[in-house]
Amino acid sequence: MAAKVMIFSSVHPYDDSRIYHKQAKSLAAEGYNVELHAVADFDEKVEHGVRIVGVKRMNKKWKRLMNGWVLYRRALKSGADIFHFHDPELLPWGALIAWRTGCPVIYDSHEDLPKQIHTKPWIPANIRGPLSKLVHKVEKGLAKKLAAVVTATESIARQFASAKRVEVIKNYPLPMPAVEKTEDEGNKILYVGGVSYLRGYREMIQMMDHIPAELNAELHIIGPLQHIRPEDREEATLKDKRVHLHGRVPFEEVKQWLGKGKVGLVCLHPVENYRESLPIKMFEYMAAGLPLIATDFPMWREIVEKSGCGFTADALNPQDMAEKVTRILTDESLRKRMSEDGRKAHEEVYNWHVEERKLLALYAGLLAK
C-alpha cells in the first residue's frame, strides 16, 4: 500500500508552483498517496493524482493562526505516514504533530525569515533587530524537533545546521518547452513577477530615460502591483517613457510575453534577504531563451556568467541597467548567443527534475527508518 503524504500550508494557495506543481505532483507521480491542504475557494477536488482540500483564506495575519489549529486537527485525523508543511507559523503545530503521531515531519523553509524581518515596513524599525534574533532562536529550536528541514537555498540551509537533517531543494522551474519567438515585436524589455519598491520598479522605469530613443524600446512590467506609489502610476508619464503596467496576467499570457521580449529584468534591490535568494523569474527567462539583466550579487553573477545568459548590473543605477540592456538590444549576435546559452543552462542544470530527485530520495530515506 502506498505511503500517505499530507502537505499543508495556512498561507499559500493550493496551486502554488513549488508546493503543488512541483512537490505534490512529483510525489503523486512516484506513487505516493498525496493529500494537499492549502488555501482554496473550494472544499475538495482531485487533480493529477493529488487530493486537494481547501483551507479558508484569512486576510489578517493574526487570523491565519486559526488555520494552524484547523490543519493540526486534520493532520491527526489524516492517517498520513509523513507530513510536509510550508509556513514558519506552523512550526509549533508541526512539532506537536511529530510528537502525537511519531511520524516524520518536514518543514519547508522558502525564505530566510530572520533576514526577511528587516525588510518588513509594517514592523517598527527599532524592534526589527531584537525580533529577528528571537525569531531565529525559536524557528531553529522548533525545527530541531522535526525529522527534516527542506530549504530553497544553501544560505537558508546554513541557518538550520543543528537540525536532524537538512536538504536543499532549489526552486528551479519545471522543464519548459522552448518558447516560440516573435522577433517582429520590436524592442520589448520585460519584468515578470511581483512588483514592489524593493524589487526595483522605480529604477526600471527610470532606466527608460537612458535608453537611446531610436531603439523605440518599451518596458512591460507584468505581475501583481503590490506596492506602487500613486505618483508612479501617472499614465501620461508612463506613456511618455514607453512603460506599460499590466498587473497580474494568466500564465499562458506570460509565456506569450516571454516570446515577444528581447531582454528580461531581475534587478532586485541589494537588501540582505535577496543576496542569496534564487528568484524563479531568472530561471524562467533562461528557459524562455530571454537574455537577462540581474542584480550584481556574487551568487547571481556566478550563475549569469557561468551560463552566459546575460549581464549583471547595479540595481540602484538606472543608467548602468540601461547600458547593459542597450548592448543586448543593439547586438543581434550577442542576443542570439545569450538566448541559446540560457536555454541550454535550463535544460541541463536549472530545472525542477534535477531537484525532484533530491525530494524523492529524502522521502524514501525518512520512510525507511
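**Aromatic pairs in the chain**

Author: The model is predicted. With 369 residues, a compact globule would have a radius of gyration near 21 Å, and the chain agrees with this at 22 Å. Its C-alpha trace spans about 65 × 45 × 40 Å along the principal axes. The chain holds 15 helices and 14 strands, and 54% of its residues are buried. Of the contacts with a separation of 6 or more, 67% are between residues 24 or more positions apart.

Now to the rings. A search of the whole structure gives 13 aromatic pairs. One of them joins tyrosine 32 and tyrosine 363: the ring centres are 5.7 Å apart and the planes stand at 65°, so this pair is edge-to-face, the term for planes over 60 degrees apart. Tyrosine 32 sits in the loop between helix H1 (17–29) and strand S2 (33–39), while tyrosine 363 belongs to helix H15 (residues 352–368). The pair thus links distant parts of the chain, 331 residues apart. Both tyrosine 32 and tyrosine 363 are buried.

Another edge-to-face pair is formed by tyrosine 107 and phenylalanine 160, with 6.0 Å from centre to centre and 75° between the planes. Tyrosine 107 is in strand S6 (residues 105–109) and phenylalanine 160 is in the loop between helix H6 (154–158) and strand S8 (166–168), so the pair ties together parts 53 residues apart in sequence. Tyrosine 107 and phenylalanine 160 are buried as well. These two residues also belong to a cluster, in which ring pairs link Phe8, Phe85, Tyr107 and Phe160.

Conventions: Residues numbered from 1 in each chain as written. Predicted model: local features only at pLDDT ≥ 70, side-chain atom pairs only at ≥ 80, totals over all residues. Heavy atoms only, no water. Helix = DSSP H or I, 4+ residues; strand = E, 2+ residues; numbered from the N terminus. Rg over C-alpha atoms; globule rule 2.2 N^0.38 Å. Buried < 20%, exposed > 50% of the residue type's maximum accessible area, 1.4 Å probe, protein only. Contact = heavy atoms within 4.5 Å. Phe/Tyr/Trp six-rings, centres within 6.5 Å; stacked < 30°, edge-to-face > 60°.
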